[in-house]
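Reader: I have a model open and would like to go through it with you. Can we start with the ligand and then move on to the sheets?
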Amino acid sequence: MNSRYQHSLELSARAEKSIPLGSQTFSKSRLCFPYGAAPLFIERGNGADVWDVDENKYIDFAGGLLAISLGYCDPDINAAVIEQLNKGSIFSLPHRLETEVAEKLIELIPCAEMVRFGKNGTDATSACIRLARAITGREHVAVCGYHGWQDWYIGSTTRHLGVPECVRELTHKFEYNDLDTLAQIFAKHPDQIAAVILEPMNVAWPEPDFLPGLRKLCDAHGTLLIFDETITGFRYHLGGAQTLFGVTPDLAAFGKGMANGFPISAVVGKRQYMCRMEDIFFSGTFGGDAIALAAANAVIDKMQRLDVPARLAERGQRLLDGLNVLLKEINAPDWLGTAGHPSWSFLTVADSPNHSLWLLKSYLIQELCKRGILTLGSHNLNLAHTNEHIDFLLATYAEILPTLIKLDSAGKIEDSLNGEPIQPVFKVR
Ligand SMILES: Cc1ncc(COP(=O)(O)O)c(C=O)c1O
């Protein structure tokens, strides 16, 4: 095992005595980074950089799983948070900031006429589903992408242990950019689909007819269309992917980057549907947490002032262009590629004839971490990423990828791993 990660490994052994998997979040756990060949704990961050518990420094392209939209310890957001901290965080009655942030979302997001706040993206997607079921009096839902850890969604993945069969039977998966797969679900369950929920985009761009086609299908069947903008919101556009693609859903879920790492999510939607929130139950002690709301308030102001989505797209395009040129130059095999929106792009890795994608990704993450880059395979940009950061990543890829390809041809990826391979997780994108 690698002494570069000595303190990480020691802390991991200690953590696993008190915390299952040693992590609160599956995608941050040792299952997702090659154990022994990557850091396991981060100590602090600043701008685009983080330091692990061994004091190794990384340019972070994971960004707290896309929660970091402006950079770690952004001075404007920290100042707003500290100001609110000195006034109090949670009270016994609602706070003025709830209305102020709601009004900002309504101004920016096409489908937003009313707003409710939660803490995680899962709160928001699950509230949307409960609302849609209450409004339509139907129980089945169609899903596409990832929507969080609650029964109604996770039951449709391979990690469905603990989810009742009767709940699993209510969720149906359809394929992105394939309207027929959704039409088949409507045909099989006539008048039973309460909601169609999807990530409006993740890896692939929508075909021109796809999102308008979804809107039409939902209208024809009396089904609510829900966009899960947990990632795309405040990233693709200040008005979300729904603004970028010009298709307005009935409800939408926001989260992740809307407060630069402070925990808050939002359900937004048309007034006629959102007012039914008064009849269902969506309620939590921390729903009106003034600290996260102060952060969201400051993030939205800064994003508007600096047009952050445009800046992310510009930096991200430099990265995608550079990576595409590199893949061409090194004559990359077809199991390597690029995908995604510039602000959230991917170096895609598929199974090669010789190795599983999990082995190939383990090697990649190992080599990137060794050279001071933290990623799970995507490029989650934030405002603190500069052209220099992008160029460093490109130079690092130029160093690693030819070796990856050579080792793959020689059948030697496994021999080249200094730690345990990452473990397959359910793939929904
Ligand atoms: C598109 C999407 N929806 C929902 C969620 C769930 O959000 P959270 O993990 O904050 O509950 C995620 C989290 O990764 C997500 O990417």
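Predicted model: local features only at pLDDT ≥ 70, side-chain atom pairs only at ≥ 80, totals over all residues.

Reader: What lies 2.8 Å from an oxygen atom of the ligand?
Author: That is a backbone N or O atom of Gly121. Arg429 also faces a ligand oxygen atom, with an N or O atom of its side chain at 3.0 Å. Tyr146 uses a polar backbone atom, which is 3.1 Å from a nitrogen atom of the ligand.

Reader: And how much of the ligand does the protein bury?
Author: The protein buries 83% of the 390 Å² that the ligand exposes when taken alone.

Reader: Sheets next. What is the order of the seven strands in the open sheet?
Author: The order is β4-β10-β9-β8-β7-β5-β6, and the pairing is mixed. β4 (114–118) and β6 (171–173) are at the edges; each has a single partner strand, so one side of each has no neighbour in the sheet. From one strand to the next, the twist averages 20°.

Reader: Do β5 and β6 run parallel or antiparallel?
Author: Parallel: strand β5 (residues 140–144) is joined to β6 by three bridges. Val143, for one, has Lys173 in β6 as its bridge partner.

Reader: Which strands does helix α8 touch?
Author: Helix α8 (residues 179–188) packs on this sheet and touches β5, β6 and β7 (193–198). The direction of α8 makes about 165° with that of β7.

Reader: Where does helix α4 lie?
Author: Helix α4 (residues 96–108) lies across β4 and β10 (265–269), and runs at about 125° to β4.

Reader: Now the open sheet of three strands. What is the order there?
Author: β11-β12-β14, with antiparallel pairing. The edges are β11 (336–341) and β14 (378–380), each with a single partner strand, so one side of each is left without a neighbour in the sheet. The twist in this sheet averages 15° from one strand to the next.

Reader: How many bridges join β12 to β14?
Author: Three bridges, with β12 covering residues 344–349. Across this antiparallel pair, Ser345 stands opposite His379 in β14.

Reader: Which helix packs on that sheet, and at what angle to β11?
Author: Helix α13 (residues 308–329) touches β11, β12 and β14, and its direction makes about 165° with that of β11. Helix α15 (residues 387–409) lies across β11, β12 and β14 as well, running at about 145° to β11.

Reader: Last topic, the hairpin of β1 and β2. How many residues are between the strands?
Author: Two residues, and Gly47 takes a positive phi near 60° in this hairpin. Strand β1 (residues 42–46) pairs with strand β2 (residues 49–52) in the antiparallel sense over four bridges.

Reader: What stands opposite Gly45?
Author: Val50 in β2.

How values were computed. Residues numbered from 1 in each chain as written. Heavy atoms only, no water. Pairing = 2+ DSSP bridges. Axes fitted to C-alpha atoms, helices over the stretch in contact; angles between N-to-C directions. Contact = heavy atoms within 4.5 Å. Polar contact = N/O pair within 3.5 Å; in protein donor to acceptor, adjacent residues only side chain to side chain. Areas by Shrake-Rupley, 256 points an atom, 1.4 Å probe, with all protein chains shown as cover.
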